[in-house]
Amino acid sequence: MIRYVLRRILAALPVAFIAITLCFIVLRLAPGGPFDGERPLPPAVLQNVLAHYNLDKPIWEQYWLYVTGVLQGDLGPSMTSYDFSVSQLLAIGLPFTLMLGFTAFVLATTIGIIAGIIAAVNQNKWPDYALVFFVMIGVIVPNFLIAALLQLWVGVYLGWLPAGGWPGFSIAHLILPVIVLSWPHAARISRLMRGSMIEILGTNYVRTAKSKGIGERLVLARHAIKPAMLPVVSYLGPGLSYLLTGSLVVEQVFGLPGIGRYFINAALNRDYGLVLGTTIFYVVLILILNLLVDIVYAWIDPKVRYR
Amino acid sequence: MKFKHVLAGGVLAGLMATAMASTASAETLNIFNGGEPASIDPHRVSGDWENRIVGDYLEGLMTEDIHAEPILGQAADYTVSDDGLVYTFTIRDDAVWSDGEPVKAQDFEYAFKRLLDPEMAADYAYLQYPIKNAEAVNAGEMEIDELGINVIDDKTIEFTLEQPTPYFLDALTHYTAYPVPMHLVEELGDEWIRPENIVSNGAYTIVEWIPNSYIRSEKSETYYDAENVDIEEVYYYAMDDISAAFQRYRAGDFHILTDFPTDQYQLLQDQYPGQAHVDPFLGVYYYVINHNMEELADPNVRQAMSMAINRDVIGPNILGTGELPAYGWVPPGTANYDFEEYRPDWADLEYGERVAQAVALMEEAGYSADNPLNLQLRYNTNENHQRIAVAIAAMWEPLHINIELFNSEVAVHYDALQNNDFDGIGRAGWLMDYNDPINMLELLRSDIIYNYGRYNNAEFDELLRESATILDMDERAEILRQAEEIAMSETAAFPIYYYVSKNVVSPEVEGFEANAKDIHRTRWLSMSED
């Protein structure tokens, strides 16, 4: 097991390296630079700015300086947030993004699995149709629209919950963002769980268990749920990655201080350091999550072995 | 789950929200402040959203009153030499930093030298170029000690200017002229700006900064006018989504929105009467003309294109907030320029007649349905820019002009404009840095980098140079007016509309006065008891 994990980590390093390199190249190929704007800087001042950020050096040297810096734990300066380094920005935003992402993940997984089981057991009855409706909304309606509608109805018209903001830890401020973020994932998980469960409920060993007179709930708990979870578990890794990386819209609409907002703003403003920093963070996170999912998958399905 | 559980959950959430809302005292002001500040260091900031924060915690020798007019700030008084070249300021005895250290002339000298140090690379250092040798120092061509600033004693500082500059007092209200606490900056370097270290000499002190969320300031008890400052605490919220910010205003989260979605203007007027403030603002939205293109070298073609732009429909109908049509280059309300805004003769013609004359001019220049003029219209990605571009392209169609619309993100757009790399027309805008016509007119000077279209007229340049040597303000204004008339009669660019500021202000807030700079320092605001 330990050898397996070590081998996977070693295999992940080139992937991370390639991702960073590609990101570095693509950023430099994009037209416009971090200091192009409505009001150009005087040439002498611009020269000093470029020198400050090593942008006056050849590309290969910039790349080398960046990579050696990263290996020493220095993600460099931000070119749009002068008062913070990239590491400081990530350190401030990361706890919030993780909290939002994991809360949404737990909620989406719990609701998705339970709804999927209920729909499968009640196939072609009203709970099943209700699930289809729930899935349709979650998958079809874009989350920025759901966010705006919830903000308007629950936050403005009804006044039940805050319409946004983050005044420090506050469950009330977390409820709407978590609902918006988790809904599409809960919908997908429930659909996966429903399909898998229907398949398992039709297998011989489940029918045999039922024929022995074991109660339906016990059959479900002992024989059906665990194997039916396999496709769900496969989805959880990418699903959690999507939740953590896809919180951008939610953070924008609700004005939340996570790092999702950095990514697109930094890319638009050509903040090379911040884009690369957030890319590194997401690449590492996705690699770790995929590894965890593989381990859990092997634990659930004994046919899978650590190789 | 039973319905009563759902109900209980809703009630609990409602109570929590109410409890949190009630923690904000009557003296707390919540401002939706636009984007995340790049910095709160006065020598690193460049946006109006940063100015709102920095101008509340730092104050220059001069500051703004409730109408954004320059008044004495940290200075108790000043004198100007007869030739208009030397300004001497005496600093208030009760001007102190929030850690109790006195504000000294040396703090100002240190700040100006820091601003103009090329290593600092301050975006807006050029605003202080009226000071003798400032430009050369900033370009690294002269030693910093040769800057025209002289500390006479701890409370007296003298500025020598390159030439008489009527807007110099106004320039001293800008954040580039704010002092920094020398004792702290020398000790802590860039770390002086951290909320745990920072000190202020303004009405407020920064106490908290959550990036991408908010900055919180508290009233400074060491400020010389603290007894007249009403609001105890200010939250400056950073959000990119204006629509979401608008919903939060409706939910009661904000007292002031510094911008709002234009498509909500009618709703605001209907449901929140008197809360939307759309006021003239010192700036012009315009289209750059690439004068290096042969097709646009003919002034008749440029004039025809300008005549065909129906500016009257853009503010009220396309933008929906009633921006004033612009035919001139200097916005109405500009200081030191007591003229009606420039209007060409044809502006008063009925629009159909204007188009007919424009078509005739184009045909005279050789353009017809069989031989159309093909141009590109570049704009940066933005819904309003797109709507205006589509409308104006349609207005030019009868003139036998085929427009290719080309949009790009802002960095790419301005990169192209600065390099004169566009095939026809480009969108631009200018918000004035200081209240003087020269700040607008200089955009068309042949040797300035902001002259994206490369308009080049020696007489225009000479008038601008001449204006800089004249002490008589009326005479200077006449010369600048001549320059504006030359540029506009030649259609150096297409002014489209004069900008407006767009604020939404809760009835709880008092003291918010419309002004052309859209500067509303929190020290002048108060909250009603209701």
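Predicted model: local features only at pLDDT ≥ 70, side-chain atom pairs only at ≥ 80, totals over all residues.
1. Chain A has a secondary structure of 13 helices and zero strands, and the pattern read along its sequence is accordingly written α-α-α-α-α-α-α-α-α-α-α-α-α. Its C-alpha trace spans about 85 × 55 × 30 Å along the principal axes.

2. Chain A is made up of 307 residues, of which 49% count as buried. If one takes the contacts in chain A between residues at least 6 apart in sequence, 73% of them join residues at least 24 apart.

3. Turning to the interface, chain B and chain A bury about 4200 Å² between them, and 55% of this area lies on carbon and sulfur atoms. On the side of chain B, the residues that lose the most area to chain A are Arg194(B), Pro211(B) and Asn212(B), which together account for 13% of what that side buries. The contact involves 53 residues from chain A and 51 residues from chain B.

4. Which residues form the one salt bridge that the rule finds across the interface of chain B and chain A? The partners are Glu409(B) and Arg270(A), whose closest N and O atoms are 3.0 Å apart.

5. Several elements of chain B give two or more residues to the side that touches chain A, namely helix H1 (3-22), strand E8 (204-210), helix H7 (242-250), helix H13 (410-418) and strand E16 (424-431). The residues of that side of chain B divide into 30 nonpolar, eight polar and 13 charged.

6. A reader may also wish to look at Asp65(B), which is found in the loop of chain B between strand E2 (62-64) and strand E3 (70-72). Asp65(B) is buried and yet has no salt bridge, since the nearest side chain of opposite charge, that of Lys517(B), is 8.4 Å away, whereas a salt bridge would need the nitrogen and the carboxyl oxygen to be within 4 Å.

7. What does the side chain of Asp65(B) reach at 2.8 Å? At that distance lies the backbone nitrogen of His67(B). When residues up to four places away in sequence are not counted, Asp65(B) touches Ile71(B) and Trp524(B). The surroundings of this buried residue thus include the backbone of His67(B) as well as Ile71(B) and Trp524(B).

Notes. Residues numbered from 1 in each chain as written. Chains lettered and ligands numbered in written order. Heavy atoms only, no water. Helix = DSSP H or I, 4+ residues; strand = E, 2+ residues; numbered from the N terminus. Buried < 20%, exposed > 50% of the residue type's maximum accessible area, 1.4 Å probe, protein only. Lys, Arg positive; Asp, Glu negative; His and termini not counted. Polar contact = N/O pair within 3.5 Å; in protein donor to acceptor, adjacent residues only side chain to side chain. Contact = heavy atoms within 4.5 Å. Buried area = accessible area lost by both parts, 1.4 Å probe. Nonpolar A, V, L, I, M, F, W, Y, C, P; charged D, E, K, R; others polar.
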